[in-house]
Amino acid sequence: MLQTYNLGPPLNRILILSVFVVASCGLAYELIAGALTSYLLGDSVLQFSTIIGCYLFAMGVGSHFSKYVKEERALTAFVEIELLVGLIGGLSATLLFLVFAWAATPFRSVMYALVFVIGVLVGMEIPLVMRVLNTRQAEFKELVSRVLTFDYLGALAVSLLFPLVLAPHLGLARTGLLFGALNAAVALWTCWSFRHEVIGMAGKLTRAAVVLLVLVVAFAFSDRMTTLAEKGLFGDDTIHAETTPYQRIVVTKWHDDMRLYLNGNLQFSSRDEHRYHEALVHPVLAAMPWAKRVLVLGGGDGLALREILRYPNIEHVTLVDLDPAMTKLFSSAAPLVALNQGSLKNPRATVINADAAQWLESNSEVFDAIIIDFPDPTNFALGKLYSVPMYRLVARHLSENGLAVVQSTSPYFAPNSYWCVDVTLHEAGFHTWPYHAYVPSFGEWGFILAAKHDHYRPPEQYALKMQFLDATSTQLMFLFPPDMQRRQVEPNRLNTQSLVHYFEADWHNVIR
Amino acid sequence: MSELSRRGFLTLSAASLAACTFRPGVAVNRYAPGMAEGHALRDHPVLPAPSAEISIDTVILGSGVAGLTAGWRLAREGFNDFMLVAGPELGGNATGGQLGGVAYPRGAHYLPLPGPSLGYVREILAEMGVIESGTDQARPYYDERVLVHSPEERLYFDGQWHEGLVPPGANTEEEAQHRRFFAYVDQLKQQRGNDGRRVFEIPSALSSQDPAWLALDLLTFDAWLDRNGYTAPRLRWYLDYACRDDFGTTSARASAWAGLHYFASRIGQAANAADEAVLTWPDGLSPVTRHLAAKVGPKRMLAGMAARVTERNGKVEALVWQPEQQRTVLIHARKAICAMPLHVASHVVKALPQYGFDAGKHMPPHAPWLVANFLFDHFPTEAQGAPLSWDNVVYGSKSLGYVVATHQLIRAARPETTVFSAYHALADSTPEAGRRWLASASDDDLYALATGDLATVYGWKLWHNASRVEITLRGHAMASPTPGFRSNAGLRALQQADGPILFAHSDLSGFSIFEEAAWWGDQAARRILQA
């Protein structure tokens with residue numbers, strides 16, 4: 001096609017070809033912003049519509065501004081704009097990733113501002129090129145036809161390349177940088193080709209070189225920067241990150257330490273999770289060698305399940321976790337399956353993805369032990385899982401001699417929350433035995449063991465080999481030193497949701 | 001209301017306009033219980049001769065809260081010789097529906113904690129298991145699933161959500177007025193008249209008859225507020241909202257006695273909830289009426305509606321029209337409990353004037369209402385501030401906000417679908433004009449009115465989230481307590497009527513809340529039981 005098409009004199013040809021590149025770049029930035037925002041915030045129809053709208057409008061603004069560029073400066077301005085677009089557009093995706101990682105609130109504002117700025121600059125490109133060609137005595141009808149043809153061809157090229165090749169292989173950040181470099185290259189090439197017409201040639205060349213260098217360096221280190229973004233959040237390298245309808249799941253790894261974060265809150269560190277999960281499971285199960293059926297609520301990482309399945313007397317475990325992505329991840333990713341020893345795929349275990357209370361409401365099965373490992377009560381929805389009606393529902397599924405245990409936040413850092421869970425269980429009719437254990441990555445952590453009867457005794461020996469628990473330390477876990485004494489608090493009633501308020505106040509005090 | 005700026009008004013109307021013209025794919029389903037039947041009866045239809053006759057001791061005509069409570073009481077006391085004519089809508093204003101597996105209210109959606117004078121309400125709740133213990137204590141223990149869950153309510157104000165429904169005062173002077181008003185009504189809760197009774201009691205029939213306090217019924221609420229220096233616009237908006245919400249009329253039309261009754265009568269407490277807590281179910285009060293209906297039992301329920309009630313030889317004859325079967329049944333009863341709204345009774349009960357009720361003079365105004373239920377495929381994105389609550393109200397709006405049907409579910413994640421129930425009382429025109437509008441309104445008109453608050457809050461995203469809308473039209477939703485209602489001689493006569501026909505309906509109180517309706521049902525049943 002290029003051979004048969006009359007592109008006019010060689011210098012004009014260069015300008016027309018640059019239109020092709022410039023148009024691809026312009027569309028690319030728009031697509032990158034849309035894809036990235038959909039990826040981070042969801043609701044892709046909304047994101048794409050508003051971004052395209054904002055971008056097209058900004059292009060209109062740019063076209064309008066182009067008339068203020070003086071005739072003799074048109075070519076120079078074009079070069080300058082190319083450099084700016086290359087720099088800003090090229091870095092936009094990387095910048096947005098970083099902004100999102102450090103603070104989600106200004107993300108939208110920064111994103112729309114960037115889209116707008118890029119749009120304005122891109123909007124000035126075509127009018128300027130047309131003016132340059134116009135002054136070079138190209139025939140107007142030829143000029144419009146050629147410029148627009150290549151403009152649209154560029155758009156076609158990138159709209160196919162972006163989803164099929166670039167986004168999957170390069171990723172959004174590097175695709176952005178690549179197009180930035182193309183813009184800068186156009187600037188450089190135009191500069192060189194029109195070296196007699198461009199004003200301030202040496203400065204332009206230096207600037208173009210600097211922009212290109214920045215983009216190339218950024219391209220080389222792009223992977224590191226994106227991981228750095230999540231590292232800014234989590235401190236370590238991310239080996240898995242996923243946003244599900246329910247939460248953001250991030251798994252990090254640093255040397256031999258693997259960590260799971262849900263919505264930015266640490267759930268476990270592989271270095272000391274054995275402490276947490278032994279303390280969660282064994283005071284219950286070691287005390288009931290007759291137990292056959294166990295229910296786990298939450299615990300989609302399969303780590304509590306791993307501990308439960310160590311007991312040969314346990315015939316069946318039902319695990320109810322809300323998020324299918326969570327149980328899928330922990331039953332398929334090799335390092336995580338190694339950690340939970342494939343517990344989620346164990347034939348003695350049934351994994352159900354459902355909202356815990358909904359599942360309890362619609363089932364009548366009764367269990368010998370119920371292990372409750374929900375996320376901390378950070379909001380009203382999660383607070384409902386720690387409420388009187390929820391525990392009454394749990395009671396309906398617990399056998400008369402059965403035992404339940406609830407992970408109950410920290411009795412040291414969040415004492416009001418911890419003791420609130422205890423009185424809530426009482427209010428629901430349970431006898432309780434609060435205990436705590438030191439988990440280095442969490443600090444002092446609390447559990448509450450509950451039963452319908454009042455004759456629980458902590459185990460005096462463990463038949464299974466433990467890494468953390470022994471008879472003496474188990475007895476100590478049930479003692480609360482003076483700085484962790486019981487607080488007088490209100491039970492977590494759904495009408496007031498005191499626990500959510502306690503939890504917020506407790507951690508506010510710690511962070512302050 | 002100078003506070004309601006022109007800009008605010010324009011934004012509101014623009015928002016509703018946008019919603020009205022833009023609802024692709026959102027089907028509007030109208031539901032107008034009893035409207036066709038009621039109008040047919042009003043127009044004196046020629047009915048077929050009775051195809052069956054039934055003799056019974058007592059017949060209850062109507063299955064709203066009053067009729068069902070009367071039947072519940074009779075059944076509970078072991079009185080079996082009665083039947084209940086269901087009328088056009090079982091449960092009346094306290095009914096609910098289901099959309100996409102979500103139960104939602106079609107009318108009344110909550111019940112304040114019943115105070116010590118509401119023994120009969122507590123009895124019902126204890127029987128349902130809602131009160132678990134301490135029915136006769138100051139603070140009974142309630143089933144928490146029914147106590148409204150936190151976060152309870154929020155107000156959309158200045159583009160943000162704020163906890164609670166009372167807007168903040170604009171300045172310290174206004175703040176002081178807010179405090180003064182709430183301190184005053186708080187103190188009124190314990191205020192007693194010269195007869196030793198609480199001035200504002202629920203049931204209202206047990207309120208003090210002290211003329212000094214009854215004089216409040218001669219004023220409108222607005223006049224009383226002006227006279228007492230409560231001029232802060234934001235407080236006045238809130239009080240007007242309260243009148244619309246409970247009475248279906250504005251503070252400019254409501255009686256001052258009624259306006260203060262709203263704030264000073266409720267003193268119920270729970271052992272396991274805050275004092276302001278209310279009881280609510282996903283489908284509003286529907287579970288309560290279903291419970292009452294179950295206690296009456298299907299065998300004692302007769303489908304159809306009373307078309308003519310006459311007295312003959314000291315007994316009652318009720319002609320029941322069963323439009324589906326195209327037939328009528330004649331019931332001979334010793335006593336009838338007329339549990340219909342009075343605008344229907346005035347066409348059906350020929351002897352109403354003899355009982356001292358002159359429809360032309362004594363009929364309380366009945367406010368028309370819309371209850372719009374929006375099925376949402378997913379929860380809409382929320383504006384800044386307080387999170388989605390059970391009750392969500394827009395400051396400055398003339399609509400009454402919306403409640404979330406799935407709020408009481410115990411779920412960590414939001415359910416996939418939900419129903420938002422938006423309420424609107426047509427309080428700004430006369431009830432007659434409101435009804436004329438309802439009768440002629442197009443789907444677009446109804447949709448625009450029903451979406452007012454939701455459109456303000458969610459804007460264009462509304463059509464993106466809502467896939468179906470059911471609009472319940474209630475032309476005569478509730479009696480509005482306008483000045484003089486406490487001394488309405490016609491209502492007084494029906495309250496005391498002890499002939500072959502007894503009357504039971506919240507209309508007798510002049511305002512429509514569950515406790516009043518149940519009170520009159522309970523009273524009528526007790527009269528039957530005493531005889």
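## Chain B at a glance

Of the 531 residues in chain B, 53% are buried; a residue counts as buried if 20 or more other C-beta atoms, placed from the backbone, lie within 10 Å of its own. This is a predicted model, where local features need pLDDT of at least 70, side-chain atom pairs count only at pLDDT 80 or more, and totals for chains, interfaces and linings use all residues. Residues are numbered from 1 along each chain as its sequence is written, while chains are lettered from A and ligands numbered from 1 in the order in which they are written.

## Size and fold

The C-alpha trace of chain B spans about 65 × 60 × 45 Å along its principal axes.

Chain B holds 18 helices and 21 strands. These are DSSP runs numbered from the N terminus: H or I of at least four residues for helices, E of at least two for strands. Among contacts in chain B with a separation of 6 or more, 75% join residues 24 or more positions apart; two residues are in contact if their C-beta atoms, placed from the backbone, lie within 7 Å.

## Two domains

In chain B, domain 1 covers 1–31 + 366–480, and domain 2 covers 35–94 + 283–364 + 482–530; such bounds come from an automatic or database domain assignment. Taken over C-alpha atoms, the centres of domain 1 and domain 2 of chain B are 32 Å apart. Their contact takes 8 residues from domain 1 of chain B and 11 residues from domain 2 of chain B. Strand β20 (residues 466–479) of chain B gives the largest share of the domain 1 side, 6 residues.

## Where the chains meet

Chain A brings 20 residues to the contact with chain B, and chain B brings 16 residues. On the chain A side, α11 (356–362), α12 (380–383) and α13 (388–396) each supply at least two residues.

## How confident is the model?

The model scores ipTM 0.84 and pTM 0.77. Chain B averages a pLDDT of 92, with 95% of the residues at 70 or above; pLDDT is the predictor's confidence in each residue, from 0 to 100. Over residues 1–21 of chain B, the pLDDT is below 50. Where pLDDT is low, the predicted coordinates should not be read in detail.

How values were computed
Buried ≥ 20, exposed ≤ 12 C-beta atoms within 10 Å, placed from the backbone.
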